[in-house]
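Subject: Structure handover

Hi,

Here is the structure for you to look over. My notes follow below it.

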Amino acid sequence: MDSCFIMSVTGPFTPDIINQLAHHNRQHGASWDTSKVIRLNNHFAALMQVSIASIDKAKLTSSLLEAFPQLQLSVSACAGTNQAALEQAPLTLSVPMEFELDCADRAGLTHDIHRLMETLSIHVEHFESYRVPVSILGRNVYRAKLVLRLPETQSSQSVVNELEALEAGARANVKMNVE
């Protein structure tokens with residue numbers, strides 16, 4: 001059974017430290033469901049939601065401490081993790097579909113998108129977002145590209161509608177299959 005936990009990592013910043021952490025996690029069978037990295041001068045702080053087989057969790061954390069002694073590592077359970085829900089039969093998911101969202105930028109938009117995906121039980125395989133200043137509009141524009149696997153009960157059009165409802169004037173579209 002998979003275990004979900006939040007891992008926070010802080011320490012001195014080097015250009016490849018995030019890639020090294022990601023590679024180390026993948027080598028141990030872990031995946032980052034979502035993450036946020038902040039860089040401040042020569043230091044960084046990263047917060048990741050990690051999924052891994054329960055039996056491998058302790059091995060991963062001890063190997064991270066051993067492989068990266070210059071970093072401070074903290075691990076805590078995912079908030080709201082319901083063990084009974086985790087033990088239910090897994091959802092049947094669609095093939096990967098690529099979605100794009102364009103709208104006016106606002107604080108908390110990325111967080112709202114992640115919360116929406118969690119609420120709809122959508123598996124996020126890839127998420128990238130950009131904030132671009134548009135001088136003619138006098139504001140920033142937000143663009144997100146997502147690769148998602150939907151539960152069999154969810155239609156791609158309903159996801160488009162939900163994404164567009166996050167912000168007035170938002171436009172979302174879907175490319176059916178991603179290879």
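Which residue in β7 is the bridge partner of Y130? The bridge partner is R143.

Some ground rules. This is a predicted model, where local features need pLDDT of at least 70, side-chain atom pairs count only at pLDDT 80 or more, and totals for chains, interfaces and linings use all residues. Residues are numbered from 1 along each chain as its sequence is written, and side-chain values use heavy atoms, with hydrogens and water left out.

Strands

Helices (H or I, at least four residues) and strands (E, at least two) are DSSP runs, numbered from the N terminus. Two strands pair if DSSP finds at least two bridges between them.

β6 (residues 123-134) and β7 run antiparallel, joined by eleven bridges. Their hairpin has four residues between the strands. There, G138 takes a positive phi near 75 degrees.

β7 (residues 139-149) also pairs with β5 (residues 97-104). That pairing is antiparallel, with eight bridges. M97 has L148 as its bridge partner in β7.

Cavity

The whole-structure search finds one cavity of 30 Å³ or more (a set of points on a 1 Å grid over the protein atoms alone, where a 1.4 Å probe fits but cannot get out). The largest cavity has a volume of about 40 Å³ (the space filled by probe spheres set on the points, which are joined across faces, edges and corners).

Lining residues (an atom within 4 Å of a point) are V9, L21, L64, L65, F68, L71, Q72 and L73. Seven are nonpolar, one is polar and none is charged (Ala, Val, Leu, Ile, Met, Phe, Trp, Tyr, Cys and Pro count as nonpolar, Asp, Glu, Lys and Arg as charged, the others as polar). α2 (57-67) and β4 (72-77) each supply at least two of the lining residues.

Best wishes

Methods. 1 Å grid on protein atoms, 1.4 Å probe; cavity = no way out; pocket = protein on both sides within 12 Å on 5 of 7 lines; lining within 4 Å.
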